[in-house]
Number of protein chains: 2
Amino acid sequence: DVAFESLTPAEWFRRNKEIAGFSSPSRAMYQAIRELIENALDATENHGILPSIKASIRYVDKDKDLYSIYVEDNGIGIPEEEIPNVFGQIFYSSKYKIKQHRGIFGLGAKMVVLYAQSTSGMPVKVMSAMKGSQYIYTYEISIDTVKNKPVIHSHVRVENKYGWHGTAVKVVLEGNWQYAKSRIEEYFTRTAMITPYAEIILIEPNNEVLRFNRITTIMPKPPVEGLPHPSSIDLESLKQLINRNSDIPLIDFLKENFDGIGDETVREFLKTLGIRASKHVKRLSESELRLLAEKMRQFNGWRRPRADWLSPIGEKILANGILHVLKPEAIFVTTRKPASYSGHPFIVEAAIAWGGSIMPVDKPILYRYANKVPLLQDEGSDVIRHVIDEVDWGQYKVKFPAPLAVVVHVCSTKIPYASAGKEAIADVPEIEKEVRLAVREVARKLKVYLARKEKEQELLTK
Amino acid sequence: DVAFESLTPAEWFRRNKEIAGFSSPSRAMYQAIRELIENALDATENHGILPSIKASIRYVDKDKDLYSIYVEDNGIGIPEEEIPNVFGQIFYSSKYKIKQHRGIFGLGAKMVVLYAQSTSGMPVKVMSAMKGSQYIYTYEISIDTVKNKPVIHSHVRVENKYGWHGTAVKVVLEGNWQYAKSRIEEYFTRTAMITPYAEIILIEPNNEVLRFNRITTIMPKPPVEGLPHPSSIDLESLKQLINRNSDIPLIDFLKENFDGIGDETVREFLKTLGIRASKHVKRLSESELRLLAEKMRQFNGWRRPRADWLSPIGEKILANGILHVLKPEAIFVTTRKPASYSGHPFIVEAAIAWGGSIMPVDKPILYRYANKVPLLQDEGSDVIRHVIDEVDWGQYKVKFPAPLAVVVHVCSTKIPYASAGKEAIADVPEIEKEVRLAVREVARKLKVYLARKEKEQELLTK
Ligand SMILES: Nc1ncnc2c1ncn2[C@@H]1O[C@H](COP(=O)(O)OP(=O)(O)OP(=O)(O)O)[C@@H](O)[C@H]1O
Ligand SMILES: Nc1ncnc2c1ncn2[C@@H]1O[C@H](COP(=O)(O)OP(=O)(O)OP(=O)(O)O)[C@@H](O)[C@H]1O
Ligand SMILES: [Mg+2]
Ligand SMILES: [Mg+2]
C-alpha cells in the first residue's frame, strides 16, 4: 500500500541540506559564512556603499564542535517587517530580478538558520537598521519547517543613537574549524583579490585576525535593474507578464516589458506572425500566445541584450588584484563583450598569471569566479574546468610543470549554477563557448610573451 | 528601493532547472529519460514485479529539435486521484519513507513535465492502472507554476479489457539526440548490467533498437519500510514524530518509533538523563526535548541500524553483470557490512575488473552506482571519485596504463546527493570511509592475483 505525502520547501531542504552545500560539518561551516558574506556584499556594493564587513568565528563548545558565526555589514539594512521572512521563509528574496547579484535563490540565509537550528537548537539573532532609521531592530528567529514560516522568539527595538545602518547576523552551529580553516581563509583571500574597495576582517576561533584593508575607494558602477530579453521568453513567463500588466495593445506591451525590442523591428515581426500589433494583450488566444513565445525566442532581429544590468570586475581591478595576491612575473587580462544564453546577458573575464611567486604545477591553477564570488568546491562539475582541461597548452609554448595560473570570472543576471550550493557553473553551451574564447585570447598573449622570452634567451646564450 | 518576493517550488525550479540537471537540451533529454526509467524500476522491482520496461525516443520536429519520450512499465500503477499531484505538484512523493528507492525527492516526474511544457508547450500524457483495476485512466497534465498545482487538460477512463497494470508516460520536449545518444545508451547498458532480472527495450529516433533481455527471474528481496535510527534524530524530527503520535509514555514512544532501541538500554539511558521513562511524551518540556534529541544522537549504546530497509545488488549479480558486459580476465567483488551516517543505514559494494576486453587506461575507469542507478555526470563532485583519486595503485602492483575498471555501488535509505540531478554523492565522511575500505579490499584481492601472475611469468621465462 502506497502512501503519498507533500513537503514544504523548508522540510525538503531540512532533509536534503547537502543539496545546498551543507553536507558535512566543515563544509557547512564554509557554506554558512559564505552565504552571510555574500549577502553583506550585495547589501553594500550593489547600493553604492563601500563595504565594511566584520566577521568572527568563535568556539562555543569545543566538545560538541559548536561554533558561533557572526557577520556584520554597513549595508542598506532590512526593513523591520521583512526580517522574519528573510530569515524564516524559503524562496523569499529581493534578488529575483533581472540584475547581477551574488544572491539568486532566496535560500542562503534560510539554510544557515536551518542548519544552525538543526545542530545547535538555537535560533538566529539578527540586528538591522536601514539608512536614517530611528531604531535598530533585533529579532531571534527559527524556521517552522512544516509550514515554511518564521517563528519569532523575540523582537526588540532600541534607539539608533549613532545613526548606524546595516545588518548583523549571529548563529550557533556544528562545524569543524580544523578542516574548514584553509578553505574559509582562501575564500576571504580570493574575495579580497577582486574587491579592493571592501574592508573585510575575519576573527578566527584562535583569535588570529585575517584583515583585508580597503585599497581603493573607487567602486565599479552598480548594475541597474533590467528587462527580460525576448530570446529568453517562454510561454509561462509571457502569460505571467501579461497577467501583471493592464490590458494594453500588444506592441506597447512588448516594447515596455522587454529589452532589445525596436519599434520598426517588432511591427515587422508581428506582421509575419499575422497578429495585429494593436490587439489588446489580454485578448490573445492560447495558440497566439504559444506562437508569439516560440517566435520571439527564435527571432534573430532583436537587439543584443544590454549589459547595464551587469557589473564585471574590470581589467584594471582584476590585474591589480592578481598582481597583489599572486605576485606573478607577467599577467594578461581580457574582458569579453556581453553575450547571452537563453536571453540572459553575461560577460566573461579571463586572466593568465605567469611565473614570479607562482610555483610550477602539472596543470594550471584555476581561480573561478561567478558574479564576483570565488568558487572553491565542485570544480569537476564546472564548465570552466571542462574548458581549461581541453586547452592544448603546448601550442601556447607552455610545457608542464609550469608556473601558470588561470583566473576566469563569469557574471550574469542569472548564473546557471549546477547546484543550490552555488559552487559550479552548469554546462551551458553559450557560456562554454565564451569561456573558451576568453581563455584562448589571454593564452595567445602568454604565447607572445613566452616566444619573446625564448628569443631573448637564445640571444643571451649565443 | 527593495522589493521582496516569494516563489513556489514550481516557479523556483522552472527558473532554476539546471539545479535538477536540465542545463542544456542534450542533458535535459538524458535527465528526462532517466527520471522516468527510475520511476518505472521503483514501481516494479520494489514491489516484487519482474520489470518489463519499454522506452522510445522519437523525432517530432527535427527543425525545432523536438522529441517525444515515452516510457511504459508493468508496475503497480498510480491511484487515479493521485495522478494529477504525482505529475503536477513539486515535492509530492510516495518515497519520503525510510526505505531504499531510486527516487527520493518528489521532483523527478515534475521536472520532466516542467521542462517539456516550457520547451514544447505541451502537457504530459499519462496512462495508468493498478493491479486488478477495472479501468485504465488517462490524463493530460501541465503544472501551474504560480500555484505549484496540476492543471488537468483531459481526464478519460477506458475499460481495462486485458487486466493491464502499470504506467505509461509520454512527453514532447526539446532535446539533442546527437549529443545525448551515447550517454543515454551508456545509462541503459549500465542499468542492465546490474538489473539482469529486468527486460528493457529502447527504440531510438533512427529506429535502432537497444534491447536488454531478462537473464534471470531471481530478484533480490525488496526492502521493507524502516524506522528512523536515534543517531539521526534532531529536535525538529523528534517534535514532528511526537505530534503525529498519541500521548503515550516516553519509553513506549521511543521503542515503537525508532530502530535499534532495546528496552534495558533505553531505561538506563533515560535514567542518566533524569527524565522519567513513564512521562507522557506530549508533556515533555522544550528543554527536555532538546536534551533528549542531543543525547539520543550522541549515545553509543543503540544497536546498529538494520539493513532490512536496504537492497544491495549482491556479489553474484554484480560479478555476473560485470563479466557479461565488460568481459574481463579477472574480477574481484565485495559487499561491505551495513554502516550508517547520521543514522541512515548504507551498504557499499565494490568490484574490480581486470584485463580481458578492458582496454589499458591511464587512470581507472570508474562505474558509479547509487541505489542501483548508474551515475554518469558530475563525476568530479562525487565522493567515490575523490576516494579513487587518492588510491596509490602502485602498492597493489598496478602500473598505468593498465586494463583496470572499478565499480562502486552505494545503497542507502537516503543517498546524500550533491545536487537535485542525482548525479554525484556528497562528501559525507562516513561514506567516504566505507568506500575507501571497500576499494582497498578488492584492490588487495587484485594484488594477490597480479602477484601470482607475476610469479607464473617469472617461472615461464626461466
Ligand atoms: N546582510 C543583509 N543586508 C541586507 N539585506 C539582506 C542581508 N541578508 C539578506 N538580505 C535580504 O534577504 C534576502 C534573502 O537572503 P538569502 O540569502 O536567503 O537569499 P538571496 O541572497 O536572495 O539568494 P541566495 O539564496 O542565492 O543567497 C535577500 O534577497 C536580501 O534582500
Ligand atoms: N511509473 C510509475 N509507476 C508508479 N508510480 C509512479 C511512477 N512514476 C511516479 N510514480 C509515483 O509518483 C511519485 C512521484 O514521482 P517523482 O519522480 O516525481 O518523485 P520520486 O520518484 O518520489 O523522487 P525523485 O524526485 O527522486 O524521482 C513517486 O514517488 C511514485 O509514488
Ligand atoms: Mg543570499
Ligand atoms: Mg522519481
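Which side-chain atom lies 3.3 Å from a nitrogen atom of ligand 1? The analysis concerns a predicted model, in which local features need pLDDT of at least 70 and side-chain atom pairs count only at pLDDT 80 or more, while totals for chains, interfaces and linings use all residues. Residues are numbered from 1 along each chain as its sequence is written, chains are lettered from A and ligands numbered from 1 in the order in which they are written, and side-chain values use heavy atoms, with hydrogens and water left out.

The atom in question is a polar side-chain atom of A:T167. Ligand 1 has 22 residues around it, of which A:S93, A:S94, A:L107, A:G108 and A:K422 come nearest; a residue is counted as near if one of its heavy atoms lies within 4 Å. Because residues from chains A and B surround ligand 1, its site is shared between chains. Backbone atoms also approach the ligand: a backbone N or O atom of A:G108 lies 2.7 Å from an oxygen atom of ligand 1, and a polar backbone atom of A:F105 is 3.0 Å from an oxygen atom of ligand 1.

Ligand 2 is likewise surrounded by residues from chains A and B, so this site too is shared between chains. Of the 22 residues around ligand 2, those that come nearest are B:S93, B:S94, B:I104, B:G108 and B:K110. Oxygen atoms of ligand 2 lie 2.7 Å from a polar backbone atom of B:I104, 2.8 Å from a polar side-chain atom of B:K95 and 3.0 Å from a backbone N or O atom of B:A109.

The interface between the two chains was examined next. In total, 62 residues of chain B are in contact with 62 residues of chain A, contact meaning heavy atoms within 4.5 Å. The size of an interface is often given as the accessible area lost when the parts come together. Here the buried area (the accessible area, with a 1.4 Å probe, that two parts lose on being put together, summed over both) is about 5100 Å², and carbon and sulfur atoms give 55% of this value. B:F4, B:W12 and B:F91 supply 14% of the area that chain B buries against chain A, more than any other three residues.

Polar interactions also cross the interface. There are 25 residue pairs in polar contact between chain B and chain A, both residues being at pLDDT 80 or more; such a contact is a pair of N or O atoms within 3.5 Å, and within protein one must be able to donate a hydrogen and the other to accept it, with residues adjacent in sequence counting only if both atoms are side-chain atoms. The side of chain B that touches chain A has 26 nonpolar, 20 polar and 16 charged residues, where Ala, Val, Leu, Ile, Met, Phe, Trp, Tyr, Cys and Pro count as nonpolar, Asp, Glu, Lys and Arg as charged, and the others, Gly among them, as polar. The rule finds 6 salt bridges across the interface, each a side-chain nitrogen of Lys or Arg within 4 Å of a carboxyl oxygen of Asp or Glu. The side chains of B:E294 and A:K64 meet in a salt bridge at 3.0 Å, N to O.

Strand pairing also links the chains. Strand β1 (residues 5-6) of chain A pairs with β4(B) in the antiparallel sense over 2 bridges, and A:S6 stands opposite B:Y92. Strands are DSSP runs (E, at least two residues), numbered from the N terminus, and two of them pair if DSSP finds at least two bridges between them.

Notes
Helices (H or I, at least four residues) and strands (E, at least two) are DSSP runs, numbered from the N terminus.
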